[in-house]
Amino acid sequence: MATQVLENLPALKPVELTISSRFAKNVRRNFFERVIEFILLLAALSAVATTVAIVWVLLYESLGFFRHVSLIDFFTDTQWTPLFEDAHYGIMPLVSGTLTTSAIALMVAVPVGTVSAIYLSEFASHKTREIVKPILELLVGVPTVVFGYFALLFVTPMLQKIFPELPGFNMLGPGIVMGIMIIPYISSIAEDAMRAVPMNMREGSYAMGATRFQTAIRVVTPAAISGIIAAYTLGISRAVGETMVVALAAGQQPNLTFNPMESAATITAYIVQVAMGDLPHGSIGYQSIFAAGLVLMTMTLFFNVLGHMARKKFRQAY
Amino acid sequence: MTTHAPITNSGNAISQSAVLENLAEVRVMIRRRKRNDYLFSVIGLLALMVGLITLLTLFINLVMDGYPRFNLEFLGNYPSRRAAHAGLLSAWVGSILVMLVTFVSAVPMGVAAGIYLEEYAKKNWLADLIEINVSNLAGVPSIVYGLLALGLFGYILDLGQSILTAGLTLGLLILPIVIVSTREAIRAIPVAIREAAYAVGATKWQVVSQHVLHYSFGGILTGVIIGMARALGETAPLITIGALTFIAFLPPSPVTTTPPFLNFEWLSSGFTVMPIQMFNWLSRPDHAFHINAAATGAIIIVVTLLMNGTAIWLRYKMRKKIKW
């Protein structure tokens, strides 16, 4: 284009043409830039659209469910049998299963994850950290169905040697496996929080004669507590939403109990169980998994908000 | 004066013995604290080992249990009622096809969204809204994506229980991963690179597409690989949309011998994937099928570990190589 302009130079008024052609080029360029920006914006808005779609689908199908089932029954009935002749719609047995397996998982993951994080951040040499962190990341990448295999055919038989009365489906085994699964999430986020604590706080502590352990427990941990709580929050939402491990190893029978030695279905396990069968669209069974999903989302949201509030309360500024 | 002297003397004597006593106490205390330090480092190391040992046990367990099925027949056979003849053919082909859809749907979208948030978005409510949504989506349980897909793709858009539905579902699932890693990769590029490009007259899009994307390619690739590995192992959302477990046929081939050489019928075909096949075999009471499940698990774990390992290695390499 530029060469064309140059060739035509003697025949035309040179200055004017250059300006107007540049102007045209700029207009085209600006238009193109705007189009690009708009396309990129649309892509970014897909995240918002996904959230809206999730909330909408869950609410819409749940509304159909709650047209048949009163909220009082939903929260007070002690049985969950939507697919039986004698249908009961009490969500509590599923909630108790979810809470029990999650509690066991957290009992494993919180201590081990926190100690790992303190060790990695305050004790480990650079070399150890370089080796261990990638391994922890690999553990995060292991698909959950494989952990389900582990819970069903390795951990539960092992536990049965210790507790002979433990049934083949129980909440203890999958709970422990879920805990191990969550350790890397907790340890890596908690470690990041601890490493972000300014060095001069540690140096101040060492200067007063504190040991590494004292510094880690009394200075670094309190300073990083907001990040550590964030790590726990993530751990809780992982545990509550985990599906394959509990669907495979915790059993399919809704059971209102907090005893880890019994078998009980979780919310997620129920959804999987129903989805395996082919339920007609619009039936009460079909709608019930959306109601269960809504409860699951609400629980996750509740724990996240709780974590957010705790983080705000304990946040340290330095 | 004289009356005070004995007191001071005796006071000195007391303090001296006190100091000696105190010193012994302090030494005991120091020893105890040092022991605590040592004790904790042992406990810490043990805690770290939990993850490593589990990973090793899990893998060894799978390989040992699944050993009898490690042969080409296992990869070449369809599922069967007889465990010894059942194979993984439809599952691994299904996995690859679903991953293809996931890649095509999630990567361009995620990278574009990441670019928008890092390079274009102004600091306003819209950017905040998108950002909050991205971080929230990363925390949504995967099975909820399955419910979304069942309601939205399955019934409203009427895509059925197809490869397209599955791929789009997993695409939505890994979208936050791709967005976050794109943003991180872009953020690591110094402003000087952009300024240099602007200084010679480049437009914003030219800066982004020719410089920013070029330098952040490695980082984005890392995130994409991690996301794809996640999608490969994901089971729950695909079960929710109603993936069939007994598929004794292959979807129509995407590539044909006659023009136009491409065929999109496979998108609407029924499918199964490796994790679902594993879940199905695992939920049967017959132990012979558990062997198949173990072999499948070993294959899944090797592939996902290889993918994740590549991503981690890539990131490590880049961190060492790039010095701005």
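In this predicted model, A:K127 counts as exposed because 8 C-beta neighbours lie inside 10 Å of this residue, and a residue is classed as exposed when that number is 12 or fewer. A:K127 belongs to helix α5 of chain A, which covers residues 126–141. Between the C-alpha atoms of A:K127 and A:E203 there is a separation of 22 Å, the two residues being 76 residues apart along the chain.

The helix that holds A:K127 also packs against helix α7 of chain A (residues 172–195), at an angle of about 135° and with the two axes 8 Å apart. That angle makes α5(A) oblique to α7(A), because only angles over 145 degrees count as roughly antiparallel, and the crossing of the two helices is left-handed. On the side of α5(A) the contact is made by A:L136, A:E137, A:L139 and A:V140, and on the side of α7(A) by A:P184, A:Y185, A:S187 and A:S188. By class, the residues of this contact between α5(A) and α7(A) comprise five nonpolar, two polar and one charged.

A further helix of chain A, α10 (residues 225–241), has 17 residues and reaches 24 Å from its first C-alpha to its last, close to the 24 Å expected at 1.5 Å a residue. Of the 17 residues of α10(A), 15 are buried, so this helix is largely enclosed by the rest of the structure.

In chain B, helix α10 (residues 274–282) packs with helix α11 (residues 287–321) at an angle of about 155°, their axes lying 8 Å apart. The two helices, α10(B) and α11(B), are therefore roughly antiparallel to each other, and α10(B) passes α11(B) in a left-handed crossing. The residues that meet are B:M274, B:P275, B:Q277, B:M278, B:W281 and B:L282 from α10(B), and B:F289, B:H290, B:N292, B:A293, B:T296, B:G297, B:I299 and B:I300 from α11(B). Sorted by class, this contact of α10(B) with α11(B) has nine nonpolar residues, five polar and no charged.

The two chains also touch one another, in a contact that takes 71 residues from chain A and 71 residues from chain B. On the side of chain A that touches chain B, the largest share, 20 residues, comes from helix α2 of chain A, which spans residues 14–68. That side of chain A divides by class into 47 nonpolar, 17 polar and seven charged residues.

Definitions and conventions:
Residues numbered from 1 in each chain as written. Chains lettered and ligands numbered in written order. Predicted model: local features only at pLDDT ≥ 70, side-chain atom pairs only at ≥ 80, totals over all residues. Axes fitted to C-alpha atoms, helices over the stretch in contact; angles between N-to-C directions. Helix = DSSP H or I, 4+ residues; strand = E, 2+ residues; numbered from the N terminus. Parallel < 35°, antiparallel > 145°, perpendicular 65-115°, else oblique. Left-handed = near helix turned anticlockwise from the far one by under 90°. Contact = placed C-beta atoms within 7 Å. Nonpolar A, V, L, I, M, F, W, Y, C, P; charged D, E, K, R; others polar. Expected span 1.5 Å × (residues − 1). Buried ≥ 20, exposed ≤ 12 C-beta atoms within 10 Å, placed from the backbone.
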